[in-house]
Amino acid sequence: MAAFTNEEYADIIMAYGRADGNAREARRIYEERFPNKRLPSRNIFQNTYQRLRETGNVQNNETRGIVALKNSLKYDTRRSCHGNILKQKNVSKPQIMSVGSVSHGFLCTDVEDIKEYNMTAYLLKHEKTKTEYLHLERDDSNNVFSIGFRTTPLDSMGTPHILEHTVLCGSEKYPVRDPFFKMLNRSLATFMNALTGPDYTFYPFSSQNEKDYRNLQKVYADAVFKPNLHRLDFLQEGWRLEHSKLEDPNSELVFKGVVYNEMKGAFSETSSLFGQRFLNNILPQGTYGYVSGGDPLCIPSLTYEHLKNFHKQFYHPSNARVYSYGNFPLEANLKFLNEKYLSHYEYLDPSKTIVKPQERWTNPKKQDVTCRVDQFGAPIDKQNQIAIGYVMSDVTDISETLLLTTLSELLLIGPNAAFYKSLIEKNISGGYNSLTGYDNQIRDTLFVVGLRDIERSKFEMVEKLTDETIKKVYEKGLDKDHVESVLNGFELSIKHQSPKFGLKVLFNLMPLWNHNGKVIKVLKVNDLIAELKESITNPKHVRDTIERYFINNTHRLIMTMTPDPKFDENFTASELKLLKDKTASLSKEQKEQIYTDGIELSKAQKKKESLETLPCLKIEEIILNKTSPSLKHTVSNIVPLQLCQTNTNGVTYFKGVLGTDSLNNEQRQMIPFFNYVLDKFDTSSHNYRDFHKHVSKIMSGLGVVTHITEHIDQPGQYEQGILISSHCLDANVHKMMDVWREIFDGPDFSNKERFTMLLHNYCSSLTSGVIDNGHSYAMQAARSLVSSVDACKEKLVGIHHVIEMQKVQKDKDVKVLQKVIDDIAAKILSGSNLRAAFHYSPSNEEVQSAIDNFCEYICRNEEQKEVNRINWTDTQETTKIKRSMHISMNIPVNFCAKAIPVVSYTDPDYPKLRVLSKFLSSKYLHPLVREQNGAYGGGAVLSTDGTFNFYSYRDPNTKVTLDIFDNCANWLADNTYLVDEQNLFESKLAILQQMDQPIAEYMKGVDLFLYGLSYDIWQMQRERVLSVKRDDLLEVCFKYLTEDKWCGKCVIGECATKELHKENEIWDKISGPQHE
């Protein structure tokens, strides 16, 4: 046989490396990747590698060609998902495709090296269907794949959103109910989701395991291109009429549906509603004038036929954009897509899906909308919002978009920003609202400045101040130091990279790509920043930009929103009228069909189905790719240190924990506010404006958050403190620590006017997002009823903190509060109260001296010279009474939670309960709470502190759900056959999916630093998870989760407390200060 070519030898080495030296596995990999090439024997793989090591060549002396393998290797060295192989420094890879080349029906149209991220970008187009494909080749094991579509409805029936749900309910090759949710337990995906935006829908996932990646790729592709779109799935996920008593055809009809309930919840969230109405009104033409997610009062107009037709048009490959990222081979992706799907389609002109630029108004407009009263919000007369928005550039103008992004930050963010000075520091509101900022997620980008919690009488003042602020910036220009600090932030963000980098790139690219923007150009960040520096530092260019987009811009909308006490009543009336109109027009046959549909859907939801067609990883395909981090524990002065030298890409990371156990109850209650204001006042060396600029030039900013964690294996003890953090380029490490020196010297909180303004803004911000994260608040509240640690957390991060801070704002004198904050600073900002952790690159030679100088300084006045230790706080014993909490809130769908204290993390039963939580979520809670009960979501989770949590999300049937939580042990007793080997393995896999998530270099060892969770403990936990047996699940379920066990419950929403009551349960009702 003729000798192999240099290219073939390079591929042989690559396959051998990916197989970690296993020749049999290398042969399989080679055959799979290169099906059209001759297949080398196992000896070829072994001998080639051995020859390379001994001689530097791959060919023997008789057959060696002109080019040695060392020249080939520098073009094809890559890392497998299990580690580095044959990695060389300062070498470039060959282009896997060149412009004009074709592979499996895909024509390569552009190739660019993206040096900023050590990445090569390939832009391809399928020759037959014109499907666009972007591949980012990078030495990163967390590979990403996504298929997206431009979805541009011209109505508010929620077709894209409901279609997103329905395509994931079974497909041609995988005809099982909900393959998406079932794959969550059959995969090691590091991310799985589906997302609908104003004008696009995409389906991304990521995985470090190539077999898993291929499994998910098959399921996702078949779901979007070949979905079953069964009518019953449409009724379940979208909307339906159903009898309130399923088996009684004479009972009243009600609206049901997962998306229907989801959007009812979304429209009850004030910020979401305001944002949706603002978009619809400022861009009224075309798709942005409608609600892509669905208006609850319009969703019942959607028909099954319309849904199927929408899929045919918008989910066609000609309208698709495919994205992949990482180090898995591109060719396998192209071959799969072409052979299985794209080659079977003809081109379909997607021009009808294109979003046209909005016609610009000739005059500004005003609009007023109403919302519900927030019972936990500010006084009702202040629960108003205003937003002033401008339609700006086309998103495809990349340079202009970046310029406007930068200008937006300069105008809005921080104490040196023009609008911050003119609007926020006037203390006429609760601060910026959620619309504020520059929105580049749509075709016509928007700049919006808005305020929340403001009196209606101040609306005109805001309009006037906005115009004056723009005029002032136009006349005086931008502050050079402020500009420099913002640009520094951009440059630092390039160096700071997370394990989910590929996903972040996708999310940032999708809006631009969706409108045919130049996606490769936007990746070349260095070129864009160089161009940005020229434009943003050119006073004339800045003036021209402000004049064009602000002063002379007549496409401006001023929208205000006011609370209407009858808002909920009006919605309910509209919903009832819609229901009445729907039912009144029904024929006898249609009524019979509704009854039949309800029965059939219920049967389908309960039907046992075979999952044999659905791919699943096998135990031998799961490879542990985490290793114990290299940590050094030492002391500087009296400060304990955890040091980790690792590849941080030239960035130094600092974390510290300050103990708060010395604070009294009044001070402890104010910790979150202390965290909020710590870096917002004058310091010993800077006023607060200069301090902000100084910090921004040097580092990422100062992170300050509450830290409460229970002892990893001592349930009776916990640490309470504050976590501080920051990061900077290696060259700035001394300056960064000098900034923290200023903080430790104690900020000057004496500015009463500023203190008052910050207090108002903080209290106003607390209710934002409560509804979006209602299940988390409900679980926290439920846990607080059974754990003194969680009772402490509830007072600092839960609903009770919201209520208490409103009382503080209303009743406490500002001078008294200033004294409290001063006392907190005096007690905790000291060297004797700190333990710290640093992550830094091997090339950083200054880090140790910077650490020592910092520690020496903050410990200079300490009398005690003993090394700091964690001060564990003993928990108070909680009376074992079944207490429950109803947090009354005027929202149409509720959030439910139940918490049961079980065992600590290191207890042998913990991994059994952890696996059980996944089993119950998949086999019990998801089918009953979501599919049959109509909630948007539900599940079980075991927290690290040893509490077993049940939860539901946007739930229309609270009482039924709580009964489902209580009945889990009885259900398992009746369904023990479900605990078979496959379901048990899938439950373990779902846990490993969490445990094996990729960790950023700057997060290695952080679990040990913060929670005492060492790699050895983590590894032991992982091994215990894998060793859990069938009988273990049954044992711990009956041991800990029977209905008689001590527990806490919480419901957030509108329902009668007495309806929730069960024997031996004590329910307390909590209402917000604005409750009527």
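Which side chains meet in a salt bridge at 3.4 Å, N to O? They are those of Arg1030 and Asp1031; notes on this and other contacts follow.

1. Basis. This is a predicted model, in which local features need pLDDT of at least 70 and side-chain atom pairs count only at pLDDT 80 or more, while totals for chains, interfaces and linings use all residues. Residues are numbered from 1 along each chain as its sequence is written, and side-chain values use heavy atoms, with hydrogens and water left out.

2. Salt bridges. The structure holds 55 salt bridges, each defined as a side-chain nitrogen of Lys or Arg within 4 Å of a carboxyl oxygen of Asp or Glu. In the opening pair, Arg1030 is partly exposed at 30% relative accessibility and Asp1031 is exposed at 52%. Here buried means under 20% relative accessible area, exposed over 50%, and partly exposed in between (1.4 Å probe, protein chains only).

3. Glu575 and Lys264. The closest N and O atoms of this salt bridge are 3.2 Å apart. The pair links distant parts of the chain, with Glu575 in helix α21 (residues 567-584) and Lys264 in helix α9 (residues 258-268), 311 residues apart. Helices (H or I, at least four residues) and strands (E, at least two) are DSSP runs, numbered from the N terminus. Glu575 is buried, with a relative accessible area of 14%, and Lys264 is buried at 12%.

4. Glu491 and Lys533. Their side chains form a salt bridge of 2.6 Å, N to O. Glu491 belongs to helix α16 (residues 480-495) and Lys533 to helix α19 (residues 525-536), so the pair ties together parts 42 residues apart in sequence. Glu491 is partly exposed at 31%, and Lys533 is partly exposed at 33%.

5. Network. Salt bridges also link Lys898, Lys959, Asp963, Asp966, Glu1043, Lys1049, Lys1062 and Glu1065 in a network.

6. Aromatic pairs. There are 47 aromatic pairs in the structure; rings of Phe, Tyr and Trp (its six-membered ring) pair if their centres lie within 6.5 Å, with planes under 30 degrees apart counted as stacked, over 60 as edge-to-face and the rest as tilted. Phe106 and Tyr133 form an edge-to-face pair, 5.7 Å centre to centre with 80° between the planes. Phe106 is in strand β2 (residues 106-114) and Tyr133 in strand β4 (residues 132-138), 27 residues apart. Phe106 is buried at 0%, and Tyr133 is buried at 0%.

7. Charges over rings. The criterion is NZ of Lys or CZ of Arg within 6 Å of the ring centre and within 35 degrees of the ring normal. Arg741 lies over the face of Tyr857, at 3.9 Å from the ring centre.
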